[in-house]
Amino acid sequence: MFRRIETRVVNPLLGDKIELPSYATEGSAALDLRACIEQAVTLPPGGRTLVKTGIAINMMDPGLVAIVASRSGLSLKHGVRVAQGIGVIDADYHGEIGVILANDGTEPYEITPGERIAQLMFQPVIQVAMHLVDEFSTETGRGVGGFGSTGKS
């Protein structure tokens with residue numbers, strides 16, 4: 001089942017010289033985002049860069065968020081990933097989607113025009129109201145233990 005998301009092309013390269021975002025396979029959970037750039041950009045080891053995608057979206061629903069995620073092959077083979085872990089596109093953002101890429105590898109990486117650089121996945125959102133308390137109303141076996149407190153195996 002497809003849900004319609006209004007999508008606006010904001011760079012004429014997209015749809016002309018560069019493919020629109022699409023699902024790579026019938027079972028794909030996320031659309032592939034492409035580098036909407038006129039010429040290649042070199043990302044040095046340890047470097048970060050913002051790569052535009054040529055699209056803007058209008059989700060029209062505060063119950064949705066678009067998540068920008070790394071492509072696993074790009075990360076495994078070249079050490080190139082979405083810099084902040086994931087990118088969050090709020091429902092009320094209507095600007096061009098940009099992807100911040102980081103190079104954790106040891107070699108420079110060339111980002112080419114139209115290259116698939118990230119994935120765009122849509123997820124439901126639950127907004128909450130923070131209710132400040134002095135103590136929680138329930139306790140768990142774990143309590144405040146974290147950062148490895150449950151063991152390694």
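**Entry 1: the second largest pocket**

I began with strand E8 and noted that, of the elements around the second largest pocket, E8 gives the most to the lining, with four residues. I keep in mind throughout that I am reading a predicted model. Looking up which elements supply at least two residues each to this lining, I found strand E7 (87-89) and strand E8 (96-103). I then wrote down residues that line the pocket, including Val-88 and Ile-89, Glu-96 and Ile-97, and also Val-68, Val-82 and Tyr-93. Sorted by class, this lining has seven nonpolar, three polar and two charged residues, and the pocket itself has a volume of about 180 Å³.

**Entry 2: the partners of E8**

I next asked myself which strands pair with E8. Strand E4 is joined to E8 by six bridges, and the two run antiparallel, while strand E6 (residues 80-82) pairs with E8 over three bridges, again in the antiparallel sense.

**Entry 3: the open sheet with E7**

Turning to E7, I found that it belongs to an open sheet of four strands, in the order E2-E10-E5-E7, with antiparallel pairing. Which strands are at the edges? They are strand E2 (31-34) and E7, each of which pairs on one side only. I also recorded that neighbouring strands of this sheet are turned by 30° against each other on average, with direction ignored. For the pairing of E7 with strand E5 (residues 64-69), I noted three bridges in the antiparallel sense, and I saw that the bridge partner of Ile-67 in E7 is Val-88. As a reminder to myself, strands of a sheet pair through backbone hydrogen bonds, either parallel or antiparallel.

**Entry 4: the largest pocket**

Last, I looked up the largest pocket, which has a volume of about 560 Å³. It is lined by 21 residues, and those that lie nearest its centre are Arg-3, Ile-5, Tyr-23, Leu-31 and Phe-122. The elements that give two or more residues to this lining are strand E4 (48-58) and strand E10 (116-124). Which of the elements gives the most to the lining? I found that E10 does, with four residues. By class, I noted 15 nonpolar, four polar and two charged residues in the lining of the largest pocket.

Terms used:
Residues numbered from 1 in each chain as written. Predicted model: local features only at pLDDT ≥ 70, side-chain atom pairs only at ≥ 80, totals over all residues. Heavy atoms only, no water. 1 Å grid on protein atoms, 1.4 Å probe; cavity = no way out; pocket = protein on both sides within 12 Å on 5 of 7 lines; lining within 4 Å. Points joined across faces, edges and corners; volume = space filled by probe spheres on them. Nonpolar A, V, L, I, M, F, W, Y, C, P; charged D, E, K, R; others polar. Pairing = 2+ DSSP bridges. Axes fitted to C-alpha atoms, helices over the stretch in contact; angles between N-to-C directions.
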